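Hi there,

Here is the structure I promised to pass on to you. My notes on its pockets and its sheet follow below.

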Amino acid sequence: MKLYGYWRSSAAYRVRIALNLKQLDAEQISVHLVKNGGEQHSDMFAQLNPQHLVPALVDEDDHGEFNLTQSLAIIEYLEEQYPQYSLLPQGAKNRAVVRAMAQLIACEIHPLDNLRVLQYLVKDMGVSEEDKMNWYHHWIHLGFAALEKQLAVHSGKFSFGDSPSLADICLIPQVYNAYRFNVDLSAYPNIVRIWHTCQAHPAFAAAAPEQQDDAS
Ligand SMILES: N[C@@H](CCC(=O)N[C@@H](CS)C(=O)NCC(=O)O)C(=O)O
């Protein structure tokens, strides 16, 4: 397997955590999102993902190599194809709760604070750096305030019960980003507690951006 990603990409970070929880090896191939206008825009990478977004996963089956995009689709693929260590709890209701927490982050927060959105605000809309940061903080706070309430009901040591799940896989990269952009998380005690728990878990620690070969 090959994972095309970038050390600071939170969507690639999600897939790295999932691979580690399942103890799957993947060759990591760096796609630098900033250098030379962004390697995600190269012709080579566009063959893998016409959306010009990391991650992309290359795997193979009886028909040869194929590639997948969208981190949640990649993680669901890993879950179905490599059942060792389940990323979802037992029971349809519980699985829906975990997927909802994951999607709150991956569909409602992350896309609004993505690199290309922030670049568009500044370069095309003429938004100041200060307002760009206000925008960033706004969407984190809106999403995390709602998530914190869900965690108060469903969390144990991790976001859902006492084992890491898809919800933690999405949460930890988003918290990493929030800290990177100096968001005050003191109003979210469950989020901060789960962040610290995950930092001590080997699958999360090895997936951390600073541990990647392309970290600079
Ligand atoms: N929904 C996509 C989001 C992928 C995404 O936004 N990737 C970002 C990095 S986290 C990216 O490649 N950004 C490049 C850009 O904005 O130009 C997924 O979950 O895979």
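Which residues lie nearest the centre of the largest pocket? They are Leu33, Leu53, His110, Asn114 and Leu115, out of 34 residues that line this pocket.

Before the rest, a word on the source. This is a predicted model, in which local features need pLDDT of at least 70 and side-chain atom pairs count only at pLDDT 80 or more, while totals for chains, interfaces and linings use all residues. Residues are numbered from 1 along each chain as its sequence is written, and side-chain values use heavy atoms, with hydrogens and water left out.

**Pockets**

A pocket here is an open set of points on a 1 Å grid over the protein atoms alone, where a 1.4 Å probe fits, with protein on both sides within 12 Å along at least five of seven lines; lining residues have an atom within 4 Å of a point. Volume is the space filled by probe spheres set on the points, which are joined across faces, edges and corners.

The largest pocket holds about 850 Å³ of space. Domain 1 (2–85) and domain 2 (92–203) both contribute to its lining, so the largest pocket lies between them; the bounds come from an automatic or database domain assignment. Helix 5 (115–123) is among the helices that each supply at least two lining residues, and it gives the most, with five. Helices (H or I, at least four residues) and strands (E, at least two) are DSSP runs, numbered from the N terminus.

The second largest pocket has a volume of about 180 Å³. It is lined by 13 residues, and Arg16, Gln28, Gln212, Asp213 and Asp214 are the closest to its centre. Strand 2 (27–30) gives the most to this lining, with three residues.

Four strands make an open sheet in the order 2-1-3-4, with mixed pairing; two strands pair if DSSP finds at least two bridges between them. Strand 2 and strand 4 (64–69) are at the edges with a single partner strand each, so one side of each has no neighbour in the sheet. Strand 3 (residues 56–61) and strand 4 run antiparallel, joined by six bridges, and Leu57 stands opposite Leu68 in strand 4.

Helix 1 packs on the sheet, touching strand 1 and strand 2, where contact means heavy atoms within 4.5 Å. Its direction makes about 155 degrees with that of strand 1; axes are lines fitted to C-alpha atoms, for helices over the stretch in contact, and angles run from 0 to 180 degrees between N-to-C directions.

Best wishes
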